[in-house]
Amino acid sequence: MTDISDESNIGYEEEGEEEIIEDDLDINNDCDGEDKKKNSGFLKQFASKQPFYKMSLPISYSEPRSFLEKLTDQGSYLDIFLKVKNIENEEDRFLEILKFYLSGWIQQKIAKSPFNPIIGETYQCKWVHTDGSTTEYIAEQISHHPPSSGFCMYNQQNGVIFHSYLSPTSKFWGNSLENSMEGKLVYEIPSLEEEYIVEAPKIVVKGVLVGSLSTETIGSTNLICKKTGYSAEIEFKGKGLFKSKHSLLVKVKHPSSKKALYTLEGKFDGTVSITSTKTGKTTTFFDINNETIQPTNLPSHELEENNSRVVWKHVIESLLNNNEDEASKQKTIVEENQRALAKTREGKPWIPKNFIKVDNDDDQNNVYYYTKLIEIRKEIKKNN
């Protein structure tokens, strides 16, 4: 059996414990039976004062797929990204990269959490496009405690690469979970030697203990292309107590102008408008209701035993059949198996199969790169 165990404390620093005790939680003691069921067991984990990332949410909060697969949502509007290489104007290229980035975060419709991948878990898929090209995707779990994942999405024919190394962290705020992802998202056009770098926003899930589950995207970040000088100040805004009018606000800037070149406003219906500060003209920039493209998974007979679809197969099937008790049981089996395997590997460093560690100096944006990344860059430059 392939060793896909949980590897803690080897080559990674443990995050500090988030000390949250039951008395600090704002919970209505008169909540209904369903809410009490949600709370049962979950609060007991806080009393143990273990790191939050080691806590296990009730199975009712689980989305039936792994985090490695959930990251493919970033490719729902890949057609935007595929055309950037052929855009001659630097400003227009930057706006399209900005559009592709926003398309992945504009509206989080699913208020449930994917499975935290086990160390060594992988996921692969591809998108086949109408122009005959293929976008490949590969992801691997680099560490489990604390969690960190690497992924690479690339289309050689259209000359673009999208990759990242992310370390998700969570904080609990009484009745909500705030999920952050430390790391950089990197969009590359190798033939132009351009990199566009940005961080992921935060995802907040409300109604964790009491009430209905809902999801919001919040936080501020900057999209930057050092070569061209273009940048975008991005602010994702949740609805909040005062029902914010905008879901996001963006200012696009360039060193050649003291004022922002464009301002963007997002609405909670998934639409984004853009206004040119030069002309004052406002147009539709993006609409999340546009047609998306879905990836194709590998045939089941080609899946290795550490593939996400294999690792979580019985949990996924149980959830899809609305059998939460069996799903919880199968999830426990996965977790116990990886703990047992981890004990057999104590003192041995984990070496990822598809990603390699790089020096984290000023010229590096990620800590782990896809092992074929350099080769892919060379091929793109050669053929584009």
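Predicted model: local features only at pLDDT ≥ 70, side-chain atom pairs only at ≥ 80, totals over all residues.
In which strand is Glu136 found? Glu136 belongs to strand E4, which covers residues 134–143. Along the way, you will meet a nonpolar core of 53 residues, the largest in the structure, and strand E14, which has one covered face and one uncovered face.

- Setting aside neighbours within four places in sequence, Glu136 makes contact with Cys125, Lys126, Cys152, Met153 and Tyr154.
- Two of those contacts are cysteines, Cys125 and Cys152; Cys125 is buried at 4% relative accessibility, and Cys152 is buried at 0%.
- If you are looking for disulfides, the structure holds zero of them.
- Glu136 and Thr296 are 160 residues apart in sequence, yet their C-alpha atoms lie 9.9 Å apart in space.

**Thr122 in strand E3**

- Thr122 is part of strand E3, residues 122–128.
- With a relative accessibility of 7%, Thr122 counts as buried, because buried means under 20%.
- Beyond residues up to four places away in sequence, Thr122 touches Leu68, Ala139, Glu140, Asn306, Asn307, Ser308 and Asn354.

**The nonpolar cores**

- Within the largest core, of 53 residues, those with the most contacts are Leu98, Leu102, Leu185, Tyr187 and Leu264.
- Helix H5, residues 90–103, supplies the largest share of this core, with seven residues.
- Another core lies apart from it and has 13 residues, including Ile142, Tyr154, Leu373 and Ile380.
- Tyr154, a member of that 13-residue core, is also one of the residues in contact with Glu136.
- What does Leu185 touch, not counting residues up to four places away in sequence? Its partners include the aromatic residues Tyr101, Trp105, Phe151, Phe162 and Tyr196, along with His163, Ser164, Leu166, Ile197, Val198, Glu199 and Ala200.

- Which residues of strand E14 (residues 262–266) are on its covered face, and which on its uncovered one? Tyr262, Leu264 and Gly266 make up the covered face, while Thr263 and Glu265 are on the uncovered face.
- Leu264, from the covered face, is also listed among the residues with the most contacts inside the largest core.
- On one side of the pairing, strand E13 (residues 248–253) runs antiparallel to E14, joined by five bridges, and Leu249 has Glu265 in E14 as its bridge partner.
- Strand E15 (residues 271–276) also pairs with E14 in the antiparallel sense, over five bridges, with Thr263 opposite Thr275 in E15.
- E14 and E15 form a hairpin with four residues between them, and Gly270 in the turn has a positive phi of about 90°.

**Loop residues with positive phi**

- Glu193 has a phi near 55°, a positive value in a residue other than glycine.
- Glu193 sits in the loop between strand E8 (185–189) and strand E9 (194–198), and its relative accessible area of 57% makes it exposed.
- Asn322 is another residue other than glycine with a positive phi, here near 60°.
- The loop between helix H7 (313–320) and helix H8 (324–343) holds Asn322, which is exposed with a relative accessible area of 71%.

Terms used. Residues numbered from 1 in each chain as written. Heavy atoms only, no water. Disulfide = S-S within 2.5 Å. Buried < 20%, exposed > 50% of the residue type's maximum accessible area, 1.4 Å probe, protein only. Helix = DSSP H or I, 4+ residues; strand = E, 2+ residues; numbered from the N terminus. Contact = heavy atoms within 4.5 Å. Core = buried A, V, L, I, M, F, W, Y, C linked by side-chain atoms within 4.5 Å. Pairing = 2+ DSSP bridges.
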